[in-house]
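Subject: Structure for your review

Dear colleague,

I am passing on the structure we spoke about. Please open it beside this message and check the points below against it.

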Amino acid sequence: APTPAMPAPLTRTAVHTAPPSPPRPPSPAPPLPHSPAPAADWQQDILLPADIIPTPPLPHSPAPHKTILLTGATGFLGAFLLEALLRQTQAEIVCLIRAESTAAAWQRLQASLKGYSIWQDDFQSRITVQPGDLAKPHLGLSEQDWRSLAASIDAVYHNGAEVHHVSPYALLRETNVWGTREVIRLACEHHPKPLHFTSTLSVLPPTPPAGQAKMREADPLDRYPVPAGGYNRTKWVAEQLVQQAGDRGLPITIYRPGPISGHSQTGAFNANDFLYRLMQGYIQLGRAPQGAMPLDILPVDYVSSAIAYLSRQPQSQGQVFHLIHPQPASSDGLFAACRAAGYPIQRVPYEQWHGQLRAIAQGQTDHPLYPLVALFSSRSESDATETTAQKELPFDCCNAITGLANAPFDCPPLDEALFTTYLSALKKSGALKPPPVSASH
């Protein structure tokens, strides 16, 4: 395509209507059995400490979970995952929230859920907030709170992460790598608790190795090269820590979603999501590159429902699930929705459009495309044309297809109606100015 393959969302933690996260003071490095690794060295982080081991074993057939720990509930996917768990289970959900007090944690969580229009007053009776911090030893908990939490919960959904695709590994490692290690430690302590880990397809390379058609869910992750980018690299390391915990007897399940888009019914969105910035950028420029870009996004309500559903199936234990859209679509539907909404977009040669991107990179930091500039290569028109044809995605998803075969929900189609919903949400939020021309239908 004349644009790159769509990466994972730029962030899952930014909320366009929720207050920003409180500033994080410098925190000491968690206790390690070795000296902290140099900033550029991830290799010393990739081994799970030997003292993290689950004992005793779980009962053969554990009862439905009564108390679940969820991290990342104030983020985009996390907020909808919380809602899905509340709807699909009867469990009490303990949400680990980065905050200085219980009151501040409640404020952050409610602001996030209300911002996405999913808060309901009856949720409060089944939610407990636990102030903490993934970047700190023992998740920032006191010894008493740590022991109490380890004893009271019977499942962990680790969805929290600091997501920033231009930050180096060293800036993200405390939250994403050491935080995952501490979550594993908690899952092993007192009694083993099934761990459900939200990873990302970005831990895999964009194309399979030579001689391999697809990257399979069952492939050992360490057979693939360490990915570029600090965020992707932290998730690659963290996922291997989870796998090592599984090798030691902890029940684990790993979910690798691809690009996540807004809610299919309400359009609720993550303001820093790739697709939304791209839509805003196309409209603000009034131009887009020629050619069709394949879109393999998944609406957030489907991803959260799928994770909650798969996590409740006994056969999911030990599995990895690639969550991608079963029917990727062309960007033509997006441009059709823009035209119908009164936003005509001129299609221009790729190099001409990329020239406008380069101008944005010179300092238009408030432009929606500014954070995306580095994701688009400066390639020739012929190179762009060669990749215009839609290709089959290189990720096998047999586990996900099988696991979701009987799910009571379907994946929303990527059609003009969906993009119209997304445009309406952007306009309602003020992220898009009124159309310059009357919408024609």
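This is a predicted model: local features need pLDDT of at least 70, side-chain atom pairs count only at pLDDT 80 or more; totals for chains, interfaces and linings use all residues.

Seven strands make up an open sheet, and their order is 3-2-1-4-5-6-11. The pairing in this sheet is parallel. At its edges lie strand 3 (127-132) and strand 11 (320-323), each of which pairs on one side only. On average, and with direction ignored, neighbouring strands of the sheet are turned by 20° against each other.

Helix 7 packs on this sheet, where it touches strand 4, strand 5, strand 6 (252-257) and strand 11. The direction of helix 7 makes about 160° with that of strand 11.

Within the sheet, strand 4 (residues 155-158) pairs with strand 5 (residues 195-198) in the parallel sense, over three bridges. Histidine 158 has phenylalanine 197 in strand 5 as its bridge partner.

Helix 1 and helix 7

Helix 7 (residues 300-311) also packs with helix 1 (residues 76-88): the two axes come within 8 Å and cross at roughly 50°. That angle makes helix 1 oblique to helix 7. The crossing of helix 1 past helix 7 is right-handed.

On the helix 1 side, the residues that meet helix 7 are Phe76, Leu77, Phe80, Leu81, Ala84, Leu85 and Gln88. Their counterparts in helix 7 are Val300, Val303, Ser304, Ser305, Ile307, Ala308 and Tyr309. By type, the residues of this contact are 11 nonpolar, three polar and no charged.

Helix 3 and helix 4

Helix 3 (residues 143-152) packs with helix 4 (residues 169-188) at an angle of about 60°, and their axes are 8 Å apart. Helix 3 and helix 4 are therefore oblique to each other. Trp146, Leu149 and Ala150 in helix 3 are in contact with Glu182, Arg185 and Leu186 in helix 4. The residues of this contact divide into four nonpolar, no polar and two charged.

Helix 4 and helix 5

Helix 4 packs with helix 5 (residues 230-247) as well, here at an angle of about 15° and with the axes 9 Å apart. This pair is therefore roughly parallel. Helix 4 passes helix 5 in a right-handed crossing.

From helix 4, the contact takes in Tyr169, Leu172, Arg173, Asn176, Val177, Thr180, Arg181 and Ile184. From helix 5 come Gly230, Tyr231, Arg233, Thr234, Val237, Ala238, Leu241, Val242 and Ala245.

Salt bridges

How many salt bridges does the structure hold? There are nine.

Please send back any comments once you have looked through it.

Best regards

Definitions and conventions: Residues are numbered from 1 along each chain as its sequence is written. Side-chain values use heavy atoms; hydrogens and water are left out. Axes are lines fitted to C-alpha atoms, for helices over the stretch in contact, and angles run from 0 to 180 degrees between N-to-C directions. Helices (H or I, at least four residues) and strands (E, at least two) are DSSP runs, numbered from the N terminus. Angles under 35 degrees count as roughly parallel, over 145 as roughly antiparallel, 65 to 115 as roughly perpendicular and the rest as oblique. A crossing is left-handed if the near helix is turned anticlockwise from the far one by less than a right angle, and right-handed if clockwise. Contact means heavy atoms within 4.5 Å. Ala, Val, Leu, Ile, Met, Phe, Trp, Tyr, Cys and Pro count as nonpolar, Asp, Glu, Lys and Arg as charged, and the others, Gly among them, as polar. Two strands pair if DSSP finds at least two bridges between them. A salt bridge is a side-chain nitrogen of Lys or Arg within 4 Å of a carboxyl oxygen of Asp or Glu.
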